[in-house]
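Q: I have a structure open and would like to go through it slowly. Could you walk me through it?

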Amino acid sequence: MDNQRLLVWATFGLLAFLTWEAWQQDYARRPTPNPEPAAVQPGAPAETPAGADSLPELDDSALPAPEPAMPAADPALPESGAVDVPVIRVRTDVLDLEISSRGGTLTRADIRRYPVAKDRPDEVVRLLSTTRGELGLIQTGLRSAGDGPEPNQNAIFTAPAGDYTLTGDELVVPLTWSDGAGITVVKRYRFERGSYRIDVEQEVQNDSEEPWRGAEYAQIRRYAAPPERSMFDVDSYSFAGPIIYDGERSSKLAYDDLSDDGPFRVTAARGWVAAIQHHFLSAVVPPAGQSFSYVVAVNRDIATASLIGAAQTVAPGERSVFALTLFVGPKLQEQLEEIAASLKLTVDYGWLTIISEPLFWLLSLVYDWVQNWGVAIIIVTILIKLVFYKLTEASGRSMAKMRKIQPRMKALQERYKDDRQQLSQQMMELYKREKVNPAAGCLPILIQMPFFLAFYWVLLESVEMRQAPFAGWITDLSTRDPYFILPIIMGAAMLFQQKLNPAPADPVQARVMQVMPIVFTVFFAFFPSGLVLYWVTNTILSIAQQWHINRVVEEEDRRKSGGKKARKKKS
């Protein structure tokens, strides 16, 4: 097997894989663009989104469950007759939120430390919104098994104030609802400094003479936008939509699949639901160990991911607390793991997660030391090169020897150009005589390919590298090089690397190899600059290694030739 032939096929295989991924994302993934942030004054009326009265069904075998209300006829429009209610504004050091008095629904969430673009520092990412066409809500509440009013997402709550700001390490925002017959519910949102975690407690106080029975629920509602792919925007090729974890595995649910196959349903004791997009997510995580029913469905252009627990009874004169955990923010893996180890599956590393996660761990470890993600990428690339040094050394020695016998190979090809069978036999004898194994370079290339793809997903999907600077003109490692300098350096390095390796004997392969650096330069021009930095570093290290191996092999040949001459003189 010719090393050059393998390299050609491996390269085209890589390009085909990335193209296939793009097509899969075009047909299976629906991105939700970041809406333009709009200033909303504290206490201003909040538009009630369509379908806000669509409730998860209470499953209670002891008492009949009420029929869930149907969503509005057009879920893209506000409900007719909706009453404006005040909103409560909450500001922490990392979040700027609005909570509607209607149901205590999270209706707006701005991520204060994450600008939409580096050249627009005052325009931050918005994950939740009531803006038409950009709907994003997190609704929580309680379903009651009785016939009376219940504290669901349509109930009106009251709050002591309309504006809250985190000044210490913790902030609690209480909202209160009462049915006027002895049932009082206090919904508390708890925030912590530096955290995107939001703990929600719903305390039921039963001062009536009858038992109260009900269950907690939550749902994430998102507008499902049509895909708008662009090769100039890597964000547009990341999955955006609902994801559910059933206690064993996570499932990304495409809008088209939900429309064609109907709602996705599962019951799990350690599950969660989330809505993800590139680098950010909104998630609802119920208490572990308690069984919850999950449903993910779409209604026209609105996707809803909901969960509801088992009904519980609160006796007269007693109280009970229902708890949930929300996460609204960037996919910071350390914070996600603090809530649930499985929640980091929302970081979409694809089928190479088993390699990508250790790579990210190593990158983070090096970053803690050097405090620069670009330098961390270079150091990790060197470490990977060292791990595979022996394998690549075998490939390099084979190439060096192939380079040495290339004139003899060309002579054989010229002599036996009309006899392919004899040519193959003579070539095999030459390889055996010179102790050259043309297949020696296959294994290292095949082993390193998954690491390259894993590195691609780590650099593309890890929010820690979003807008991270390296040096000079590289101010964001997660986007393309603005001046295409790194891709040009990469192309030049690949050309130089070809000079160190034997040229393919086949003229067609030779022409393909000559064009390869140009193809890679154009292809990598729109890749994240962090990935191009990795490839440039890897190529330069490969050049240095091959140059060293060529020198060693030449020196070994000189000694061998000198020894033969000395033996001849003695004889």
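Predicted model: local features only at pLDDT ≥ 70, side-chain atom pairs only at ≥ 80, totals over all residues.

Q: Where does Ser 282 sit in the chain?
A: Ser 282 belongs to strand S15, which covers residues 280-285.

Q: And which residues is Ser 282 in contact with, leaving aside its neighbours within four places in sequence?
A: With those neighbours set aside, the contacts of Ser 282 include Leu 127, Leu 128, Ile 138 and Ile 220, and also Arg 222, Phe 327 and Val 328. Val 273, Ala 274 and Ala 275 are among them too.

Q: What about His 279, is that buried or exposed?
A: His 279 is buried, because its relative accessibility is 1%. It is placed in the loop between strand S14 (272-277) and S15, and the phi angle of His 279 is near 80°, which is a positive value in a residue other than glycine.

Q: Let me step back for a moment: how many helices and strands does the protein have?
A: There are twelve helices and 19 strands in the protein. Of its 571 residues, 51% are buried.

Q: How much of the contact pattern joins residues at least 24 apart?
A: If you take the contacts between residues at least 6 apart in sequence, 69% of them join residues at least 24 apart.

Q: Can you give me an example of a residue with partners elsewhere in the sequence? Which ones does Val 296 touch?
A: Val 296, in strand S16 (residues 292-299), is in contact with Pro 242, Ile 244, Leu 253, Leu 258, Pro 263, Phe 264, Thr 304 and Ala 305, once its neighbours within four places in sequence are left aside. Pro 242 is 54 residues from Val 296 in sequence, while their C-alpha atoms are 7.6 Å apart in space. Val 296 counts as buried because its relative accessibility is 1%.

Q: New topic, then: how many salt bridges are there?
A: The structure holds 18 salt bridges. As background, side chains with opposite charges can pair when their charged atoms come close.

Q: Which residue does Glu 203 pair with?
A: Glu 203 forms a salt bridge with Arg 188, and the closest N and O atoms are 3.3 Å apart. Glu 203 lies in strand S9 (residues 197-206) and Arg 188 in strand S8 (residues 183-192), so this pair ties together parts that are 15 residues apart in sequence.

Q: Is Glu 203 buried or exposed?
A: Glu 203 is buried, because its relative accessible area is 13%.

Q: What does Arg 190 do, given that it is also in strand S8?
A: Arg 190 forms a salt bridge with Glu 201, with 3.4 Å between the closest N and O atoms. That pair joins strand S8 to strand S9, with the two residues eleven apart. Glu 201 is partly exposed, at a relative accessible area of 25%.

Q: Which residues are linked in a network of salt bridges?
A: A network of salt bridges links Arg 89, Asp 96, Glu 98, Arg 108, Asp 110 and Arg 126.

Q: Now the surface, please: which residues form the nonpolar patch with Tyr 483?
A: Tyr 483 forms a nonpolar surface patch together with Trp 473, Ile 485 and Ile 489, and the four have about 370 Å² of accessible area together. Tyr 483 is in the loop between helix H9 (442-461) and helix H10 (485-500), and counts as exposed because its relative accessibility is 56%.

Technical notes
Residues numbered from 1 in each chain as written. Heavy atoms only, no water. Helix = DSSP H or I, 4+ residues; strand = E, 2+ residues; numbered from the N terminus. Contact = heavy atoms within 4.5 Å. Patch = residues over 30% accessible without salt bridge, like charges linked within 9 Å, V, L, I, M, F, W, Y side chains within 5 Å. Areas by Shrake-Rupley, 256 points an atom, 1.4 Å probe, with all protein chains shown as cover. Salt bridge = Lys/Arg side-chain N within 4 Å of Asp/Glu carboxyl O. Buried < 20%, exposed > 50% of the residue type's maximum accessible area, 1.4 Å probe, protein only.
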